[in-house]
Amino acid sequence: MDLDVFVSAHRAEWDRLDALLRRRRRLTGAETDELVVLYQRTATHLSLIQSAAPDPQLTGRLSQLVARARGAVTGARRASWRDVTRFLTHSFPAAVYRSRHWWVPTALLSTAVAALLGWWIGTHPDVQASIAAPAELRELTRPGGQYETYYSSNPAASFAAQVWTNNAWAAALCLILGVFLGLPVLWILFQNMLNLGVGFGLMSSAGRLDTFLGLVLPHGLLELTAVFVAAGTGLRLGWTVIDPGPRTRRAALAAEGRAALAMAIGLALVLFISGAIEGFVTPSGLPTWARITIGVVAELAFLAYVYVVGGRAARDGETGDLEEAERSADVPMAA
């Protein structure tokens with residue numbers, strides 16, 4: 001592409017678009033139609049320049065012009081309850097469903113790692129001795145010890161809020177740091193599974209595995225699922241950096257990043273529920289079977305939400321990304 005010739009051929013259109021945007025509140029019907037046409041043309045011109053003959057100054061000018069035109073064409077809109085409803089019934093469950101090929105294997109492998117760590121710790125006294133002194137281990141695992149009193153150490157509401165904040169932060173880190181090829185996500189996952197494995201191993205070696213599971217399962221099923229979804233999505237984002245597919249790397253990261261941001265909001269709601277269970281149900285005086293049943297019901301409800309509601313939305317074309325009108329203009333790329 002001869003950039004000078006291209007600019008000469010289309011400068012008048014860009015200037016005309018700029019002039020229309022300056023007085024867009026006083027446009028006639030015909031001028032409004034002209035503005036839309038010029039916006040579409042200028043967006044295409046910007047794409048051609050970016051792909052064939054990138055010029056920073058010209059690209060910057062046209063990017064601003066396209067952004068202004070897009071704002072004039074689409075108009076500003078305020079968030080409404082319709083957006084909340086669409087997010088909960090389409091965007092979020094579809095995004096989780098679409099990521100299932102990442103977070104389901106992540107969940108299975110992570111659970112296996114935690115189980116192996118728990119077995120290793122529980123069957124090797126020397127490993128237990130490296131964790132803490134025998135007296136400290138007895139204090140942790142005895143009836144009424146620290147593993148049990150942890151869940152009632154603070155008022156239920158305060159404890160639930162603290163748990164929710166910590167878990168939401170861990171999930172957000174998985175989503176944010178996934179862009180670094182997913183490596184920080186693997187470390188966060190390992191830390192979570194190590195903590196779980198230590199508790200599993202120590203309590204099993206003390207003959208109190210049933211108590212440990214009765215304390216962990218009510219909230220842990222949903223909580224860990226949310227962490228696995230965040231980790232799987234973070235790993236998927238990291239893989240997008242390596243292999244963006246048919247899209248440009250920038251476009252692919254933008255789309256997956258927007259979906260990951262929406263995922264963070266949705267998972268915060270899921271973790272709020274698991275935090276409430278951990279704060280109010282886990283330390284309650286309910287029988288163990290009743291507490292575990294509540295956790296299983298919450299987990300099955302979430303999975304049904306993802307696979308039924310999210311699956312249907314995904315089959316209808318929902319990706320978890322913003323609606324088309326709300327995205328930055330995705331202009332065609334030159335062949």
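Predicted model: local features only at pLDDT ≥ 70, side-chain atom pairs only at ≥ 80, totals over all residues.

Visitor: Is E299 buried or exposed?

Guide: The limit for a buried residue is a relative accessible area under 20%. E299 has a relative accessible area of 13%, and is therefore buried.

Visitor: Which residues does E299 touch, leaving aside those up to four places away in sequence?

Guide: With that exclusion, E299 touches L221, L222 and T225.

Visitor: Is T225 buried or exposed?

Guide: T225 counts as buried because its relative accessibility is 7%. Not counting residues up to four places away in sequence, T225 touches W103, G220, E299 and F302.

Visitor: What can be said of A298?

Guide: A298 is found in helix α13, which covers residues 288-315. A relative accessible area of 16% means that A298 is buried. Beyond residues up to four places away in sequence, A298 touches L222 and I277.

Visitor: How does one describe a pair of packed helices?

Guide: Two packed helices are described by the angle between their axes and the distance between the axes. In this model, the axes of α11 and α13 come within 8 Å and cross at roughly 10 degrees. For that reason α11 is roughly parallel to α13.

Visitor: Which residues of α11 and α13 meet?

Guide: On the α11 side they are L213, G214, L215, L217, P218, L221, L222 and T225. On the α13 side they are T288, R291, I292, G295, V296, A298, E299 and F302. By class, the contact of α11 with α13 has 10 nonpolar, four polar and two charged residues.

Visitor: At what angle do α11 and α12 pack?

Guide: The angle between α11 and α12 is about 170 degrees, and their axes are 9 Å apart. An angle over 145 degrees counts as roughly antiparallel, and α11 and α12 are therefore roughly antiparallel to each other. Sorted by class, the contact of α11 with α12 has 17 nonpolar, five polar and five charged residues.

Visitor: How do α5 and α11 pack?

Guide: Helix α5 (residues 100-122) and helix α11 (residues 209-242) have axes 8 Å apart and pack at an angle of about 120 degrees. This angle makes α5 oblique to α11. The crossing in which α5 passes α11 is right-handed. From α5, the contact is made by W102, W103, T106, A107, S110 and T111. From α11, it is made by T225, F228, V229, A231, G232, L235, R236 and W239. The classes in the contact of α5 with α11 are eight nonpolar, five polar and one charged residues.

Visitor: How many residues does the largest nonpolar core have?

Guide: The largest nonpolar core has 37 residues, and those with the most contacts inside it are F92, V96, M263, L267 and F302. At least two residues of this core come from each of α4 (81-98), α5, α9, α10, α11, α12 (249-281) and α13. F92 touches F87, A262, M263, G266, L267, V270, F302 and Y305, not counting residues up to four places away in sequence. There is also a second, separate core of 19 residues, which includes L21, L46, I49 and A69.

Visitor: Is A157 buried or exposed?

Guide: A157, found in helix α9, has a relative accessible area of 52% and is therefore exposed.

Visitor: How far apart in space are A157 and R22?

Guide: From C-alpha to C-alpha, A157 and R22 are 54 Å apart, and they are 135 residues apart in sequence. For E299 and I188, 111 residues apart along the chain, the C-alpha atoms are separated by 22 Å. The C-alpha atoms of A298 and G178, 120 residues apart along the chain, are separated by 27 Å.

Technical notes. Residues numbered from 1 in each chain as written. Heavy atoms only, no water. Helix = DSSP H or I, 4+ residues; strand = E, 2+ residues; numbered from the N terminus. Buried < 20%, exposed > 50% of the residue type's maximum accessible area, 1.4 Å probe, protein only. Contact = heavy atoms within 4.5 Å. Axes fitted to C-alpha atoms, helices over the stretch in contact; angles between N-to-C directions. Parallel < 35°, antiparallel > 145°, perpendicular 65-115°, else oblique. Left-handed = near helix turned anticlockwise from the far one by under 90°. Nonpolar A, V, L, I, M, F, W, Y, C, P; charged D, E, K, R; others polar. Core = buried A, V, L, I, M, F, W, Y, C linked by side-chain atoms within 4.5 Å.
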